[in-house]
There are 2 protein chains.
Amino acid sequence: MVTSDRIKNAQLQSKVMSADDAASLIKSGDTVGMSGFTGSGYPKALPQALAKQIDAAHAAGDPFKIGLWTGASTGPELDGALAKADAIKYRLPYNSDPIEREKINRGEMDYFDLHLSHVAPMVWEGFFGNLDVAVIEVTGVKEDGSLIPATSIGNNKTWIDRADKVILEVNTWHDERMEGMHDIYYGTALPPNRVPIPMIHASDRIGQTTLRCDPHKVVGIIETNLPDKNAPFPPLDDVSKTIAGHLMEFLKWEVKKGRLTNTLLPLQSGVGNVANAVLAGLRDSPFHDLLAYTEVIQDGMMDLIDDGKMLCASSTAFGMSDQAAIRFRENLDFYRDKIILRPQEISNHPEVIRRLGTISMNGMIEADIFGNINSTHVMGSRIMNGIGGSGDFTRNAYLSCFVSPSFAKKGDISTIVPHVSHADHITQDVQVIVTEQGLADLRGLPPKMRAETIIENCAHPDYRPLLVDYFERAKKNALGLHTPMLPSEALSWHQRFLETKTMRR
Amino acid sequence: MVTSDRIKNAQLQSKVMSADDAASLIKSGDTVGMSGFTGSGYPKALPQALAKQIDAAHAAGDPFKIGLWTGASTGPELDGALAKADAIKYRLPYNSDPIEREKINRGEMDYFDLHLSHVAPMVWEGFFGNLDVAVIEVTGVKEDGSLIPATSIGNNKTWIDRADKVILEVNTWHDERMEGMHDIYYGTALPPNRVPIPMIHASDRIGQTTLRCDPHKVVGIIETNLPDKNAPFPPLDDVSKTIAGHLMEFLKWEVKKGRLTNTLLPLQSGVGNVANAVLAGLRDSPFHDLLAYTEVIQDGMMDLIDDGKMLCASSTAFGMSDQAAIRFRENLDFYRDKIILRPQEISNHPEVIRRLGTISMNGMIEADIFGNINSTHVMGSRIMNGIGGSGDFTRNAYLSCFVSPSFAKKGDISTIVPHVSHADHITQDVQVIVTEQGLADLRGLPPKMRAETIIENCAHPDYRPLLVDYFERAKKNALGLHTPMLPSEALSWHQRFLETKTMRR
Ligand SMILES: CC(C)(COP(=O)(O)OP(=O)(O)OC[C@H]1O[C@@H](n2cnc3c(N)ncnc32)[C@H](O)[C@@H]1OP(=O)(O)O)[C@@H](O)C(=O)NCCC(=O)NCCS
Ligand SMILES: CC(C)(COP(=O)(O)OP(=O)(O)OC[C@H]1O[C@@H](n2cnc3c(N)ncnc32)[C@H](O)[C@@H]1OP(=O)(O)O)[C@@H](O)C(=O)NCCC(=O)NCCS
């Protein structure tokens with residue numbers, strides 16, 4: 001087999017094989033740690049070959065399933081293909097694949113949704129059992145067997161270190177000039193041997209540029225030339241732009257009050273369209289010399305770098321549209337020293353986030369009048385994606401902001417509800433809530449004042465009187481008037497939606 | 001006025017005055033930062049004098065009120081006296097005083113309950129406005145004007161640094177030999193100037209033994225000789241002992257599995273009786289050379305130190321019974337190098353907690369079948385104490401355990417409910433739940449398996465069939481079957497209790 005010049009280690013060249021042969025090394029019941037974070041840097045050939053083999057096994061009456069661990073979400077060739085083949089028994093830590101989401105919500109697949117910063121440490125701590133195989137997409141293999149990472153790092157370091165066997169996909173679609181953009185920190189340990197993470201600024205490099213890998217563990221290498229597939233961003237709508245505008249006004253106010261400067265603090269921007277709109281809002285702002293310390297480099301961040309507004313963006317993955325991916329490849333030398341990809345145990349580490357003091361902006365499903373946030377479960381039970389890194393950031397941010405339209409499903413759902421149907425972020429972790437209606441600055445406010453501020457500034461006018469009505473009655477009839485709440489009614493809006501398809505009355 | 005030899009600085013000796021005179025320096029509308037954490041190290045004379053003056057002001061038609069910030073809870077001479085005088089408009093960050101609790105729950109007082117690790121940084125960030133006066137109890141004043149702390153540190157460093165004026169209570173009840181036990185770290189900063197906290201082991205000393213204080217800011221010094229007042233611990237009951245026993249078995253199992261050693265990892269033990277019982281359980285365990293990294297040194301920890309089981313305990317305060325306080329004073333030279341008191345921004349810092357990897361054991365009000373925890377709000381609305389440091393520890397612990405009897409109010413309340421009426425800790429932050437019924441090890445379990453494990457192992461037999469019944473119907477009828485939940489019923493147990501005074505059917 002002719003191998004590409006991307007595999008420089010002679011011993012490893014001999015491990016090149018077809019995707020089918022590599023897939024056959026995975027057995028039913030195996031726990032497999034795959035690369036991938038957002039639609040970036042995930043293996044593409046092996047999962048599809050494996051899905052085919054599992055389809056065949058199922059047809060032959062063999063109930064073949066695997067456990068699947070990744071960095072976060074991946075692309076359709078991985079999560080989509082394996083979910084379609086009904087191949088996954090257990091999935092962690094994050095998913096946004098629509099087929100898989102359906103299976104999870106039909107109760108056909110087990111999904112363990114956890115803080116992204118917890119994944120690597122808990123795997124090392126032995127809490128989730130053995131990792132049988134790692135399947136990692138890389139840009140190339142160096143003479144010494146070390147690996148040049150691709151467009152995401154995620155948990156790759158941990159999977160390679162912990163797995164019994166390693167399978168690599170060397171994807172020539174990734175530009176070799178990416179070498180040097182990654183920063184892999186090898187200083188983590190189990191307690192009592194943990195030491196401070198020596199990062200002071202979002203732009204610091206504290207590790208090495210390649211992944212270590214014991215060549216003896218590599219059981220197969222697949223050569224591919226396949227693009228990453230990220231979901232495209234729809235054009236910015238007026239609602240998102242209005243939300244971004246409110247947030248820009250607020251940040252300017254903070255500068256005026258001396259609580260921030262015009263260089264702000266490292267930005268963390270969550271997944272979703274509204275978060276991307278906020279990044280767009282920064283383009284026409286007075287803020288400059290920005291840094292990002294975030295999970296994913298979206299199009300909006302690339303724009304800020306292009307504009308010279310952002311000096312450096314640290315993340316664990318790209319989450320670019322196809323157009324931005326092309327722009328990145330065409331101007332890679334420009335971006336090389338402005339983007340750093342790190343393991344997610346570092347990009348999401350509470351120690352680093354609290355030290356840097358991020359300005360965090362995340363999307364949400366709903367907020368209640370007290371400012372509890374539901375990021376994950378529609379009507380309390382149906383999971384959308386997962387908590388991802390939002391809990392790592394919100395509790396440790398300098399300013400934790402949540403952004404969302406005040407309504408969903410054409411207005412049949414109010415994003416501001418009497419009581420969240422599921423809580424991911426508690427009031428203590430939420431300083432600012434923004435909808436297209438306005439911004440609620442909740443710092444220092446006790447519960448009842450939080451409620452007044454959120455109802456007044458964030459709720460949609462159609463729902464505001466209903467919220468006021470509920471809150472007034474709660475203030476009269478609740479057992480305790482600290483956080484007035486009526487168990488008989490708190491979730492009645494969700495129940496009404498389930499029964500009548502609208503929260504309206 | 002003859003001053004005690006505790007005030008060694010000549011300039012400050014001249015500031016000695018009566019509690020009444022010092023209290024008159026506080027004006028209506030002032031925000032006052034007082035020392036105090038648990039019933040330890042809080043000012044005792046000034047608050048009572050202030051309460052008297054406020055009583056008089058109220059009688060004269062003057063609506064005198066202050067904002068009150070502390071470390072955490074204090075004693076009856078502070079929170080109790082001021083609450084009784086209706087003197088507090090706004091209180092942060094924690095309270096366990098019964099009079100104040102009543103006022104808060106009657107809606108007569110604003111209370112802002114926040115993560116203890118957030119308090120000092122957010123005050124520095126300017127999020128809560130100006131601090132007018134600091135009132136700090138100390139053991140003594142040194143020649144150079146620096147202060148020897150007393151039995152708690154809490155936020156004292158921040159209050160002294162930030163307040164316009166400082167009033168000291170020099171309390172000769174505190175033993176002077178305490179000097180040297182405290183470790184005040186002055187390396188914190190606002191971002192972008194934060195650096196790693198140089199602590200590697202729970203027993204490390206990283207700061208200085210005294211509090212810095214600009215003598216020009218000191219406007220008054222009161223001399224007192226008054227004991228701390230901590231709530232006594234009731235004798236251990238069988239339920240608590242059984243809970244402790246389950247936890248000990250679990251820890252032994254973890255050692256057997258190689259996930260811990262017999263020296264465990266630094267222990268954090270929450271407030272409350274069950275947590276104290278767990279500490280008692282460690283006395284007869286095979287574990288040794290223990291460390292504590294916690295908020296409060298309770299009697300149970302003193303016992304472990306006495307036994308030679310615990311090498312060193314780090315905390316921000318004592319929370320000892322009167323008997324333990326006497327024991328401490330009588331054997332101070334023995335305890336001197338085995339106990340370290342730090343500012344709560346360090347004792348509760350996520351960076352340090354995650355690095356050390358604590359084993360955290362906290363009490364709770366209720367847990368739901370998925371393992372969400374309510375630590376604060378009875379029936380979702382009536383606050384008990386506050387979240388305190390539980391959120392700082394649970395999300396960053398090596399193992400986060402919650403302990404509680406499976407029932408409250410003689411069995412009319414089930415501690416395990418279909419859905420928490422208020423969420424303080426989300427499923428991702430809870431690895432273990434223990435009641436007298438048994439222990440649920442939730443690591444790696446997706447929601448439905450968590451529910452099965454919790455119902456089976458933790459619920460009281462009287463309520464178990466009701467929980468199974470709810471869960472089975474939820475698995476059939478919920479919108480999503482990832483976290484099956486019925487909005488129409490999720491809070492019905494709480495509603496039933498409100499209507500019928502029992503959750504039983
Ligand atoms: C919460 C989250 C789904 C919002 O995403 P978004 O793209 O900003 O928000 P949108 O308003 O476009 O909503 C996305 C979908 O959720 C639906 N939705 C939003 N609010 C809803 C609500 N209250 N009830 C029901 N559905 C709702 C929208 O209708 C939309 O559905 P569609 O795709 O079928 O049209 C997303 O931010 C998320 O998954 N967050 C959790 C993880 C996270 O925060 N990661 C970043 C941390 S670093
Ligand atoms: C939750 C908390 C109140 C439990 O305290 P505890 O002493 O272990 O628990 P107990 O079982 O003795 O309960 C204390 C009281 O709450 C009541 N209670 C407990 N569960 C209840 C429930 N589900 N519904 C109503 N009341 C309940 C008890 O009846 C008891 O009331 P009483 O004082 O009137 O008898 C306490 O741990 C707390 O305040 N935690 C929050 C802060 C924290 O965790 N700090 C430590 C972090 S470092």
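**Close-up 1. A:Ser4 in the segment before α1 of chain A.** In this predicted model, A:Ser4 is found in the segment that precedes α1 (10-13) of chain A, where helices (H or I, at least four residues) are DSSP runs numbered from the N terminus. A:Ser4 counts as partly exposed because its relative accessibility is 21%; buried means under 20% relative accessible area, exposed over 50%, and partly exposed in between, with a 1.4 Å probe and protein chains only. The C-alpha atom of A:Ser4 is separated by 9.9 Å from that of A:Val16, which stands 12 residues away along the chain.

**Close-up 2. Ligand 1 and the residues of chain A around it.** Ligand 1 is surrounded by 23 residues, and the closest of them are A:Gln268, A:Glu295, A:Ile365, A:Met384 and A:Asn385; a residue is near a molecule if one of its heavy atoms lies within 4 Å of it. By class, this shell has 10 nonpolar, 11 polar and 2 charged residues, where Ala, Val, Leu, Ile, Met, Phe, Trp, Tyr, Cys and Pro count as nonpolar, Asp, Glu, Lys and Arg as charged, and the others, Gly among them, as polar. A polar side-chain atom of A:Asn385 lies 2.6 Å from an oxygen atom of ligand 1, and a nitrogen atom of the ligand is 2.8 Å from a polar backbone atom of A:Ile365. On its own, ligand 1 has 960 Å² of accessible area, of which the protein covers 79% (Shrake-Rupley method, 1.4 Å probe).

**Close-up 3. Ligand 2 and the residues of chain B around it.** Among the 23 residues around ligand 2, those that come nearest are B:Gln268, B:Glu295, B:Ile365, B:Met384 and B:Asn385. An oxygen atom of ligand 2 is 3.2 Å from a polar side-chain atom of B:Lys409, while a nitrogen atom of the ligand is 2.8 Å from a polar backbone atom of B:Ile365. Taken alone, ligand 2 exposes 950 Å², and the protein buries 79% of that.

**Close-up 4. The lining of the largest cavity.** The largest cavity holds about 200 Å³ of space. Its lining has 22 residues, and the closest to its centre are A:His419, A:Ala423, B:His419, B:Val420 and B:Ala423. The lining divides into 8 nonpolar, 12 polar and 2 charged residues.

**Notes.** Residues are numbered from 1 along each chain as its sequence is written, chains are lettered from A and ligands numbered from 1 in the order in which they are written. For this predicted model, local features need pLDDT of at least 70, side-chain atom pairs count only at pLDDT 80 or more, and totals for chains, interfaces and linings use all residues, while side-chain values use heavy atoms, with hydrogens and water left out.

Definitions and conventions:
Polar contact = N/O pair within 3.5 Å; in protein donor to acceptor, adjacent residues only side chain to side chain. 1 Å grid on protein atoms, 1.4 Å probe; cavity = no way out; pocket = protein on both sides within 12 Å on 5 of 7 lines; lining within 4 Å. Points joined across faces, edges and corners; volume = space filled by probe spheres on them. Helix = DSSP H or I, 4+ residues; strand = E, 2+ residues; numbered from the N terminus.
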